[in-house]
Amino acid sequence: MSGDLFWILISAMVVNNFTLALFLGLCPFMGVSARVATALRMGGANIFVMVITSLTVWVLNTFVLTYAPYLRLISFIVVIASLVQIVEMTIKKLSPTLFRELGIFLPLITTNCAILGLAIFQTNRGYGFLEGLSFAIGAGLGLALALVLMASIRQQTELSDLPGLARGMGLVLIVAASLSMAFMGFAGLLSS
Amino acid sequence: MTIRGAPAWRLVSTLALAGGVAGLLIVVVFEWAEPQIEAHRAAVLAAAIDNVLASPARYDTLYVVDGTLHETPPEGVLERDLERVFLGYDESDVPVGFAVTGGEPGYQDIIRLIFGYDPGSGEVVGMEVLESKETPGLGDKIEKDAEFVAEFDGVQAPLVGVKQDAGQGDPGEVDMITGATISSRTVIAIINNRLEELSPLLDTYPATVKR
Amino acid sequence: MKSETTAQYDLIRGIWRENPVLIHLLGLCPALAVTNTVANSLAMGLATFFVLMGSSLLVSTFKRFIPHEVRISAYILIIATFVTIADLVLAAVVPEIHKALGAFIALIVVNCMILGRQEAFASKRPVSRAALDATGTGIGFLIAMLMMGSVREVLGNGTLLGYSVFGAGFEPWIIMILPPGGFLTLGVFLLAMGWWRGRTEGEQAKVRHWPHGVTTRRAA
């Protein structure tokens, strides 16, 4: 069983990375990833929200949604939006400094496909409590990893001699293509 | 323009009303769509069972509960929560074999397949991949390479995977795909693991069936 | 309120000049994820069009009843309803394509493009204009999807809509239908468009650094 949990975590983190293989969470990936420090904070906020979402979704799936599977999407999105609002208010009250650093990113996370994608994948694969948790941690770490990698590369390229029009989003996507290709190398990890 | 400065009850009631209408709309569409979705699911399953058991005349669904096979789900348990195997019969109502599903992580992601098993001869009689996200052009040969799939038509369980041209002619040998060893090995492992779990029940059928 | 733009402009704007995917970089998740074949791109484009149109019409019709403070939640509720309907209809009518698109149908809900159009346009304009805007944006999205899909399918599979283009001897460039291919295709499109803009606009050409869709607007 623990072998399964570890596989789920590693698979979500690198083998089927949320951003580079599953194309989730691209808005923050493109927009936020110019500074490593920012990327780290965004990644951290994401992991946090993902874990809480995973737990909430598990509760919803197990106790509420077995009777009305078609209301799944609406419940998820409402829950995620409320969750982020609650998390934001809690952080604001508990730690104003943390809020100032993270605050802008939290609303971004609501419309972030990564969180909803996490909820949907977890449901489709029928993950239990621990498996869902593993999945959320792995996915969050993977997202943070992709963000930080992209940020460090972009920070470097700012100092290099690129043709003017290659800067900006075109370059980010080409770099993302290389990262994605590199991450494909993780396939087969943990296979017998 | 949206209204500004509305009282709190207005906020809640608008959302509640919208939610109610939304829910209603979805239920209506769901009632229309569900029969078609179910029909398709059943058709896909029937086609797969047909494939791996070489076109049986009909099949029964048996539920695995606590080490025995049940013909109907026990009281209070949802059908979809139960593990199922399918028993195919030919025209003269003689059982031809069980169709069993299984899934395990392969190279890229989880591979799900269905295979046919004949307890009389102890042979695997067919295999079909239901879901796979293996690498196109390499790992996906487990479903696209007709020769590989044919390897499972009549091979003695437990299966042993061997590299191409390295086999010794044992009845349980399956030639793996060059360049897709992990995917091939996973397919073999799924079948072996499922049989290890289930053959005590399947081999002693009909004694294991609860009516 | 007097509209500053003509009806014609509202329609045409979304198709190319302010194409949601290629210019504003919205809706990237589906644009990259399901464009590995033209059939999938078409289905996703049409499903998104349906959701966008339905939501815009509804939001514009009921805008006077939606309190400002909860407007985002209301938009999301409306969008989620249409997405659920689209999901069920696709599953019932074209189950193969539904399986291929998978979770991404549900993810139309968080397509920043749709929410953005509600916030920026449909909630402020009459129904007819909202319909035109939705049509233009939806067509623009569809065009972008089809562009991505055709390049990726032709190069990565040698087929277009399942019909072989190059004949049997073609060795497909498989990476194009895998995730890196999605990034690469869109990246090359953007570079090409940037280069073209540089040539036509000369010194005034500005470099886009930030996707337009990244906002700090709060979900209510």
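How many residues of chain B are in contact with chain A? I started my notes there, keeping in mind that this is a predicted model.

**Chain B against chain A**

I found ten residues of chain B in contact with nine residues of chain A. I then looked up which elements of chain B they sit in. Helix 1 (8–52) and helix 4 (181–203) of chain B each bring at least two residues to the side that touches chain A. Helix 1 of chain B has the largest share of that side, with four residues. By residue type, I get six nonpolar, two polar and two charged on the chain B side.

**Confidence**

For the complex, the predictor gives an ipTM of 0.82 and a pTM of 0.80. I went on to the chains. Chain B has a mean pLDDT of 82, and 94% of its residues score at least 70. Strand 5 (residues 110–118) of chain B is where confidence in that chain is highest, at a mean of 88. Strand 10 (residues 209–210) of chain B is where confidence is lowest, at 50.

Chain C averages 81, with 90% of its residues at 70 or more. Its helix 3 (residues 38–62) comes out highest, at a mean of 91, and its strand 2 (residues 163–164) lowest, at 80. I also checked residues 215–220 of chain C, where the pLDDT is below 50. Beyond near neighbours in sequence, that stretch still has 16 contacts in the model. I'm leaving the details of those contacts alone. Where pLDDT is low, predicted coordinates should not be read in detail.

**Chains A and C, fold by fold**

Chain A has nine helices and zero strands. Of its 192 residues, 52% are buried. I looked at contacts in chain A between residues at least 6 apart in sequence, and 81% of them join residues at least 24 apart.

Chain C has eight helices and two strands. Reading from the N terminus, I get α-α-α-α-α-α-α-β-β-α. Buried residues are 51% of the 220 in chain C. For contacts in chain C with a separation of 6 or more, 76% are between residues 24 or more positions apart.

**Helix 3 on helix 4 in chain C**

I took a closer look at this pair. Helix 3 and helix 4 of chain C pack at about 145°, with axes 9 Å apart. The crossing is right-handed. On the helix 3 side I listed A47(C), F50(C), V51(C), G54(C), S55(C), L58(C) and V59(C). They meet Y75(C), I78(C), I79(C), F82(C), V83(C), A86(C) and L90(C) of helix 4. The tally for this contact is twelve nonpolar, two polar and no charged residues.

**Cores**

Which residues have the most contacts inside the largest nonpolar core? I get I77(A), L116(A), I79(C), V83(C) and V109(C), in a core of 123 residues. Helix 4 (residues 71–93) of chain C gives the most to this core, with 16 residues.

I followed up L116(A), leaving aside neighbours within four places in sequence. L116(A) is in contact with F76(A), I77(A) and I80(A), and also with L107(C), V109(C) and V110(C). There is a second, separate core of 39 residues, which includes L62(B), A99(B), V100(B) and M127(B).

How values were computed:
Residues are numbered from 1 along each chain as its sequence is written. Chains are lettered from A and ligands numbered from 1 in the order in which they are written. This is a predicted model: local features need pLDDT of at least 70, side-chain atom pairs count only at pLDDT 80 or more; totals for chains, interfaces and linings use all residues. A nonpolar core is a set of buried Ala, Val, Leu, Ile, Met, Phe, Trp, Tyr and Cys residues joined through C-beta atoms within 7 Å. A residue is buried if 20 or more other C-beta atoms lie within 10 Å of its own, exposed if 12 or fewer, and partly exposed in between; C-beta atoms are placed from the backbone. Two residues are in contact if their C-beta atoms, placed from the backbone, lie within 7 Å. Ala, Val, Leu, Ile, Met, Phe, Trp, Tyr, Cys and Pro count as nonpolar, Asp, Glu, Lys and Arg as charged, and the others, Gly among them, as polar. pLDDT is the predictor's confidence in each residue, from 0 to 100. Axes are lines fitted to C-alpha atoms, for helices over the stretch in contact, and angles run from 0 to 180 degrees between N-to-C directions. A crossing is left-handed if the near helix is turned anticlockwise from the far one by less than a right angle, and right-handed if clockwise.
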